[in-house]
Amino acid sequence: IKLLDQASASSQNENSSKILALKTAFLITRKKYPQALLIAEQITKNWPTLSLGKISKGDVFLAEKTYDAALNAYQQAYKIDKNDQVLELILKILIIQNKHQQAITLLETEQHTASNLLRFQFMLANLYQKTSQYNLAAKQYENLLLKQKDNVIILNNLAWVYSQQQNSKALEIAEQAYKKSPDLAFVADTYGYILLKNGNKQESLKVLTKAAKKAPKLSILQLHFSESLIANQKTSQAREILQQLVNINSAEKTEAKRLLKEL
């Protein structure tokens with residue numbers, strides 16, 4: 001803090017604003033939020049045409065989980081300077097607040113102004129997928145795949161979207177992703193589950209067994225593994241996994257309860 005104060009005192013130009021922003025960031029790491037906010041407001045007051053003070057204020061509010069205030073600060077900063085960092089912070093808060101459609105609308109409008117276009121196109125595809133807008137998600141992932149044909153995550157996500165659309169290409173795309181990265185648990189999960197849905201029960205169990213060992217705490221994978229166990233008549237093992245899912249607070253709890261009742 002002393003070093004930053006000395007540097008700030010010796011510089012009264014735009015560099016001083018950057019030094020104060022560093023001081024704000026340091027105070028945030030120490031959870032000294034009131035002090036950090038005072039400095040952020042000082043930056044805004046002394047350099048009103050810069051976005052830096054508003055970004056610093058947003059950082060303080062975000063650290064405090066005061067999301068509405070953080071969003072407002074970042075939106076003000078973005079009006080001054082449209083850059084990838086601030087856009088991503090705005091999107092982060094909207095997603096935290098479950099305002100997915102608002103995030104989608106913002107991305108649809110602003111993605112082409114971003115310097116890292118592919119990153120934001122992927123985020124948009126992911127949001128389409130998360131909100132079950134599978135036709136839009138598929139189209140977006142297909143366009144991304146033209147530019148990054150060997151991208152395992154794009155292949156994996158496209159396969160999952162295709163599976164939700166009952167598209168016959170789902171298995172082929174999932175297999176491509178799996179062959180490229182068989183040790184990634186979430187990739188194996190997608191491939192194994194699509195195998196199951198296509199009636200290949202035994203191969204599904206082989207793939208999902210390995211994946212489940214790699215990611216024992218990934219609840220969606222464990223749920224898919226239990227479904228494969230049931231399909232292969234290994235009900236006692238499936239019951240044990242489902243009971244664990246029921247006992248933890250996971251998004252898969254309701255489905256796990258339903259499968260337990262059917263055993």
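Q: Which residue forms a salt bridge with Lys179?
A: Glu175 does, and the closest N and O atoms of the two are 3.5 Å apart, where a salt bridge is a side-chain nitrogen of Lys or Arg within 4 Å of a carboxyl oxygen of Asp or Glu. Bear in mind that this is a predicted model, in which local features need pLDDT of at least 70 and side-chain atom pairs count only at pLDDT 80 or more, while totals for chains, interfaces and linings use all residues. Residues are numbered from 1 along each chain as its sequence is written, and side-chain values use heavy atoms, with hydrogens and water left out.

Q: Where do Glu175 and Lys179 sit relative to each other?
A: They are 4 residues apart in helix 11, and so are separated by about one helical turn; helices here are DSSP runs (H or I, at least four residues), numbered from the N terminus. Lys179 is exposed at 63% relative accessibility, whereas Glu175 is partly exposed at 28%, with buried meaning under 20% relative accessible area, exposed over 50% and partly exposed in between (1.4 Å probe, protein chains only).

Q: How many salt bridges does the count come to?
A: The count comes to 8 salt bridges. One of them pairs Glu88 with Arg119, with the closest N and O atoms 2.3 Å apart. Glu88 lies in helix 6 (residues 84–96) and Arg119 in helix 8, so this pair ties together parts that are 31 residues apart in sequence.

Q: And what about Glu255, which residue does it form a salt bridge with?
A: Glu255 pairs with Arg258, the closest N and O atoms being 2.5 Å apart, and the two are 3 residues apart in helix 16 (residues 253–262), so about one helical turn separates them. Salt bridges with shared partners join Glu255, Arg258 and Glu262 into one network.

Q: Switching topic, how much space lies in the largest pocket?
A: About 390 Å³ lies there. A pocket is an open set of points on a 1 Å grid over the protein atoms alone, where a 1.4 Å probe fits, with protein on both sides within 12 Å along at least five of seven lines, and lining residues have an atom within 4 Å of a point. The volume is the space filled by probe spheres set on the points.

Q: Which residues lie nearest its centre?
A: Of the 15 lining residues, Asn126, Gln129, Asn156, Asn157 and Trp160 lie nearest the centre of the largest pocket. Helix 10 gives the largest share of that lining, 5 residues.

Q: What lines the second largest pocket?
A: Its lining includes Trp160, Gln166, Tyr193 and Lys197, and about 220 Å³ of space lies in that second largest pocket.

Q: Where is Gln166 found?
A: Gln166 is in the loop between helix 10 and helix 11, and is exposed, with a relative accessible area of 69%. Phi of Gln166 is near 60°, a positive value in a residue other than glycine.

Q: Last one: which residues make the nonpolar surface patch of about 360 Å²?
A: Ile153, Leu184, Phe186, Leu218 and Ile220 make that patch, patches being residues with over 30% relative accessible area and no salt bridge, with nonpolar side chains (Val, Leu, Ile, Met, Phe, Trp, Tyr) joined within 5 Å. Ile220 lies in helix 14 and is partly exposed, with a relative accessible area of 32%.

Terms used:
Patch = residues over 30% accessible without salt bridge, like charges linked within 9 Å, V, L, I, M, F, W, Y side chains within 5 Å. Areas by Shrake-Rupley, 256 points an atom, 1.4 Å probe, with all protein chains shown as cover.
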